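My entries follow the order in which I checked them.

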Amino acid sequence: MVTDPHAALRGLLAGRLRGHERRLRRFTEADWRRYADLLAGALLVAVRRRFVAGQDRAPVIRFVASARERYDVTGRDVEPALAEALVWAALGERPPVPDDAPAIVARTVLLLGLLEDEGCTDRERDDVLAAAAHAAEHAGQQAGG
C-alpha cells in the first residue's frame, strides 16, 4: 500500500527521502497515528541500545546537540529540552511526550542520529523497525487493556 506507515519509516531510515515525503503526503489520520506509534517505538528501541536509565546527563546532552547539528537544518526545528525529554522518557525517567508535530520532528532527528551513530546495516535497521512494531503493538495492547 502506498501509504503504509511501516514502509514510509523504512524509506526514511534507508535515506529514500523523496519516497518518504510522498508517502507522508498521502497519509490518512489512521496512517499518521500508526506512523507516530512506529516512530516512537523505533526511538524507544534505539535509545535503549545506546543509553541506560540513571546514567549521567552529559552524554544525552551531547548526543542531542550532535543530532540537531546534523539534521536540524534551520537550528530551530528541534527544541533541545524536548529532544532530551524524549530520550529520558524512552528510558522511563520522564513521562511520555505527546505526539504533536514538534515531538514527531524531534523523534525523527533523534532516531536518524542514533542509527547513524550506530552505523546500522539494512538488516539492523529492519530489526529496529520490527522491534518498533512490536513495541507499538505492545503499547497499544496495554492502553486498551
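These entries cover the salt bridges, their partners and the accessibility of those partners.

Entry one, on the ground rules. I am working on a predicted model, in which local features need pLDDT of at least 70 and side-chain atom pairs count only at pLDDT 80 or more, while totals for chains, interfaces and linings use all residues. Residues are numbered from 1 along each chain as its sequence is written, and side-chain values use heavy atoms, with hydrogens and water left out.

Entry two, on the count. I found nine salt bridges in the structure, taking the term to mean a side-chain nitrogen of Lys or Arg within 4 Å of a carboxyl oxygen of Asp or Glu.

I looked up Asp-117 and found a salt bridge to Arg-50, with the closest N and O atoms 2.7 Å apart. Asp-117 sits in helix H6 (residues 101–118) and Arg-50 in helix H3 (residues 29–50), so this pair ties together parts that are 67 residues apart in sequence; helices here are DSSP runs of H or I, at least four residues long, numbered from the N terminus. I then noted that Glu-116 and Arg-70 meet in a salt bridge at 3.7 Å, N to O. Because Glu-116 lies in helix H6 and Arg-70 in helix H4 (residues 58–71), that pair ties together parts 46 residues apart in sequence. Arg-50, Arg-70, Glu-116 and Asp-117 are linked in a network of salt bridges.

Entry four, on accessibility. I recorded Arg-107, which is in a salt bridge with Asp-99 at 2.8 Å, N to O. Arg-107 is buried at 6% relative accessible area, whereas Asp-99 is partly exposed at 42% (buried is under 20%, exposed over 50%, partly exposed in between, with a 1.4 Å probe and protein chains only).

Technical notes. Helices (H or I, at least four residues) and strands (E, at least two) are DSSP runs, numbered from the N terminus.
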